[in-house]
Amino acid sequence: MSFSPISAAQLADLLGRSGQGCALWNAEGLLLMATPAWCQWLDVPEGASPIGQPLRGLLPASIWHTHGQRFAAAARGLRQEYDDTRSGDFGAQRHRRIQLTPGAADAQGRHEVMMQLSDTGREYARGEVIARQREQLQALHEQLRSSRQDAGELDRLRTLLNWRTAMLSEHNEMLQLLSHEIRQPLNNASAAMQATLKAIEDLHLADAAPAARALLRAEHVLQQVIGTLDNTLTAGTILAAGGKAGASSETDLPTLIKLVLHDIAADLRPRIDVQWLTTARTVQLHPALMRLTLRNLLNNALAYAPADTRVQLRISESDEPLALILEVMDQGPGISEELLPRLFTKGARGHHSNSRPGAGLGLFIVHSVLQLHQGTVQALPHSPHGTIMRLVIPQGLAE
């Protein structure tokens with residue numbers, strides 16, 4: 001069905017003489033035709049020129065509240081038929097049956113709508129119950145159809161979730177295999193280089209310095225490869241795949257610190273000063289993740305601070321709230337204002353001349369590990385220059 005402005009004007013004149021309540025609006029909701037009876041029933045102000053006006057702005061708010069949803073459904077191409085009751089003079093009830101018939105649709109799928117009013121006063125009492133039952137049955141039908149659709153969507157989502165879980169499990173197994181097959185030979189190679197360096201030093205050979213320097217450079221490269229591999233595996237298996245880190249455990253703190261220091265290249269370890277401000281030996285944390293976290297921070301501090309400066313690892317605790325505090329302090333150039341807001345985001349890297357190669361995962365891993373521990377990490381200025389990376393790890397939390 002399609003209505004043109006010319007036929008609408010002729011129809012308005014014809015229906016207006018017969019006293020019929022009728023109106024037509026286009027797909028954009030602009031009124032094209034309306035009879036006086038229609039304007040009276042819908043409380044269109046007298047003297048108004050409704051033609052060309054938006055239907056939403058023309059009708060009073062109370063009228064729109066009653067009919068707006070029906071109008072919207074008809075504009076989507078759904079024919080509507082329902083009864084409307086108004087209070088007339090001296091409280092008398094007046095009844096109209098309303099029919100909304102969709103017409104042609106525009107490119108956006110919106111339809112023209114023809115509205116017709118029929119006087120149902122004499123048959124309303126008899127038809128009221130039937131109309132109400134019809135609406136109730138329609139509502140039940142819609143609910144049933146919606147429930148079926150929801151059930152189908154739930155089944156589809158459950159299937160996708162099962163598939164994703166299986167893929168993540170396979171993905172993690174492959175990464176763990178990669179971790180074992182690649183990292184272990186690299187660690188063995190690093191240990192062999194350190195043993196060779198120690199043997200060369202023990203021989204006290206006069207011309208051994210070039211070979212020692214070459215071995216040191218090779219060990220640094222291996223440590224960078226191992227660190228990048230560990231960061232990538234951690235991001236891929238634990239942090240990026242739903243934040244499942246496994247449970248924290250009672251960990252011997254001095255042993256953890258010894259392992260962290262052993263992870264640092266042999267020639268860089270003497271630059272690290274460990275300051276113990278706590279007597280605590282056992283703490284609650286995830287040892288493997290915290291070992292990786294401290295290694296990332298110490299390697300960053302050693303790389304960015306001048307080679308003749310010290311890096312301090314300070315270990316303390318707080319009572320209120322109960323927490324372990326780990327601080328890595330350097331005397332480097334500090335963190336630029338431009339980098340600071342995105343310091344812990346994945347891929348964030350500075351532009352300092354001492355920047356280490358990598359994918360920018362180190363501080364992202366640090367931040368993610370602290371989140372898993374329900375703790376915090378802060379980058380603070382170190383007087384007179386440098387940076388303090390402060391980790392606060394809550395203790396005594398319920399699992």
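1. Where pLDDT is low, the predicted coordinates should not be read in detail.

2. Now the confidence overall. The mean pLDDT of the protein is 80, and 74% of the residues reach 70 or more.

3. You'll find 9 helices and 12 strands in the protein. Of its 399 residues, 37% count as buried. Among contacts with a separation of 6 or more, 58% are between residues 24 or more positions apart. As for the surface, the protein exposes about 23,200 Å², with carbon and sulfur atoms supplying 55% of that area.

4. Next, the main core. The largest nonpolar core has 36 residues, and those with the most contacts inside it are Met-290, Leu-298, Leu-324, Leu-326 and Leu-391. At least two residues of this core come from each of α7 (253–263), β8 (282–285), α8 (287–304), β9 (311–318), β10 (323–329), α9 and β12 (387–394). Helix α8 gives the largest share, 8 residues.

5. Leaving out residues up to four places away in sequence, Met-290 touches Leu-256, Leu-285, Leu-326, Val-369, His-373, Leu-391 and Ile-393. Apart from this core lies another one, of 22 residues, among them Trp-25, Leu-31, Ala-34 and Val-113.

6. Since 8 of its 11 residues are buried, α9 is largely enclosed by the rest of the structure. The buried ones are Gly-362, Leu-363, Phe-364, Ile-365, Val-366, Ser-368, Val-369 and Leu-370. Val-369 also turns up in the list of residues touched by Met-290.

7. What does the backbone do after α9? The helix is followed by Gln-374, whose phi is positive, near 60°, and Gln-374 is a residue other than glycine. Gln-374 sits in the loop between α9 and β11. With a relative accessible area of 56%, Gln-374 is over the 50% cut-off and so counts as exposed.

8. Asp-43 has a positive phi too, near 60°, and is likewise a residue other than glycine. You'll find Asp-43 in the loop between α2 (36–41) and α3 (55–58). Its relative accessibility is 35%, so Asp-43 counts as partly exposed.

9. Two cis peptide bonds to check in your viewer. One joins Glu-320 and Pro-321, with omega about -5°; Pro-321 is in the loop between β9 and β10. Another runs from Ser-383 to Pro-384, with omega near 0°, and Pro-384 is in the loop between β11 (376–381) and β12.

10. Then the aromatics. The structure holds 2 aromatic pairs. Trp-64 and Phe-71 form one that is edge-to-face, at 5.7 Å centre to centre and with 65° between the planes. Ring pairs link Trp-25, Trp-64 and Phe-71 into a cluster. Phe-71 has a relative accessible area of 3%, so it is buried.

11. How many disulfides does a search of the whole structure find? The count is 0. A disulfide is a covalent bond between the sulfur atoms of two cysteines. As for individual cysteines, Cys-22 counts as buried because its relative accessibility is 3%. Cys-39 has 15% relative accessibility, so it also counts as buried.

12. Last one: is Glu-28 buried or exposed? At 57% relative accessibility, Glu-28 counts as exposed. Its place is in the loop between β1 (21–25) and β2 (31–34). Glu-28 and Ala-75 are 47 residues apart along the chain, and their C-alpha atoms are separated by 9.0 Å.

How values were computed:
Residues numbered from 1 in each chain as written. Predicted model: local features only at pLDDT ≥ 70, side-chain atom pairs only at ≥ 80, totals over all residues. Heavy atoms only, no water. Helix = DSSP H or I, 4+ residues; strand = E, 2+ residues; numbered from the N terminus. Buried < 20%, exposed > 50% of the residue type's maximum accessible area, 1.4 Å probe, protein only. Contact = heavy atoms within 4.5 Å. Areas by Shrake-Rupley, 256 points an atom, 1.4 Å probe, with all protein chains shown as cover. pLDDT = per-residue confidence, 0-100. Core = buried A, V, L, I, M, F, W, Y, C linked by side-chain atoms within 4.5 Å. Disulfide = S-S within 2.5 Å. Phe/Tyr/Trp six-rings, centres within 6.5 Å; stacked < 30°, edge-to-face > 60°.
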